[in-house]
Amino acid sequence: MSFAPDVTEILARARADLRMGVPVVLSGPQNGALVMAAETLEPQRLADLRALGGEPVLAITARRAETLKARAYDGDVARVILPPDVALGWIMGVADPADDLMKPMKGPLNSQRDGGADLHRLAINLAKSAHLLPAAVLLALPDPAGFAVENALTLVNAALAAPLLAASPIPHPVVSARLPVEAHEKGRLHIFRPEDGGEEHYAFEIGSPPRDKPVLARLHSACFTGDVMGSLKCDCGPQLRGALAQMGEEGAGVLLYLNQEGRGIGLANKMRAYSLQDQGFDTVEANHRLGFEDDERDFKLGAQILKSMGFKSVRLLTNNPRKIAMMEKNGVTVTERVPLKVGETHHNRGYLATKAKKSGHLL
Ligand SMILES: Nc1nc2c(ncn2[C@@H]2O[C@H](COP(=O)(O)OP(=O)(O)OP(=O)(O)O)[C@@H](O)[C@H]2O)c(=O)[nH]1
Ligand SMILES: [Zn+2]
């Protein structure tokens, strides 16, 4: 018997630490590093890091590096060397594109070439999973375990953590209860909790759809601005209500409400993307400038939830071919795509056109 946390639990701690601005220690097979998320870095912690000596680097994604004209020698990651005299503002200028247009000259940025980038990639993925900007300061440590114990920091075994962070956490059913809604009186809300301590997801079931027939289903990604505030910048609110209304009319359906705000980058980063959109970038360009891919969502999750509810096939309400492909890949047959064309406004026309042109959405 052991009370010690396993790697999944340690990763959940590491995410919380980074969000709070607390450093974490990564330990690889031959190397180790002290890691701080750029977004939550404090001046004192940066000064403490400098006092340790060595050559700290700022790890950013190749997407962000492209905008900054920094060399990414490690494929998807660039290790930008921190010049000795720079302050926190410089780090934020590299990590956050908010002022790119006002202060375009950040470089020249020199990237590290020697050594591997495994720990840097893991640090970026940890920052992403904490819904922070995808950028982290790393300093190589000769004795990571000793340093972590001495400073009471969370120690992450990189070899075990990296594949776990890339895998989809399995969502477990927690509870369900009756919930009559406007669309239909016979509704039931099911709560699912992923085993990695991340966001919970919901399944809203209308009527009593038979498990052995294709169910009318919708994978809806959370959009606080559209679903709750009635934003005109996207079509999420009308799509949510349209899907529920159709399920209500048919008397059966399942709407998955997946807490993957902002196509998986979190609401704070989505608002950063909106600020960039106000500067003239489209929805895809804004994600890239921030250092994210166009879409960071994990659609496997939806298939896992549907299967755990006993469904094997769906009539999927969507215009997104990736959702259909991921369902099929993960063992849920899509017998029909049901288009969901609602909520076009003059504010979101450009956004919808970009999704059709760049993200392959069906018109
Ligand atoms: N990063 C980012 N996310 C956005 C933006 N506008 C909307 N979103 C998010 O995009 C997601 C939209 O989700 P969905 O409507 O389920 O997905 P979809 O890919 O449009 O596919 P279908 O609606 O099924 O055709 C939500 O998570 C929103 O929060 C944006 O400009 N930037
Ligand atoms: Zn939206």
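I take two strands as paired if DSSP finds at least two bridges between them; strands (E, at least two residues) and helices (H or I, at least four) are DSSP runs, numbered from the N terminus. The model is predicted: local features need pLDDT of at least 70, side-chain atom pairs count only at pLDDT 80 or more, and totals for chains, interfaces and linings use all residues. Residues are numbered from 1 along each chain as its sequence is written, and chains are lettered from A and ligands numbered from 1 in the order in which they are written.

Entry one, strand β1. I find β1 (residues 24-27) parallel to β6 (residues 155-157), with three bridges between them; Ser-27 has Asn-157 as its bridge partner in β6. With β2 (residues 32-37), β1 pairs in the antiparallel sense over four bridges, and a hairpin of four residues joins β1 to β2. Val-24 lies opposite Val-35 of β2.

Entry two, helix α4. I looked up Ile-91, Val-94 and Ala-95 in α4 (residues 88-95) and found them buried (20 or more other C-beta atoms, placed from the backbone, within 10 Å of a residue's own; exposed at 12 or fewer, partly exposed in between). Down the axis of α4, its buried residues fall within an arc of 95° (taken from the directions from the axis to the C-beta atoms), so they line one face of the helix.

I place Arg-218 in strand β10 (residues 215-221), where Arg-218 counts as buried, with 26 C-beta neighbours inside 10 Å. Residues up to four places away in sequence aside, Arg-218 contacts Ala-243, Leu-255, Leu-256 and Leu-317 (C-beta atoms, placed from the backbone, within 7 Å).

Notes. Two residues are in contact if their C-beta atoms, placed from the backbone, lie within 7 Å.
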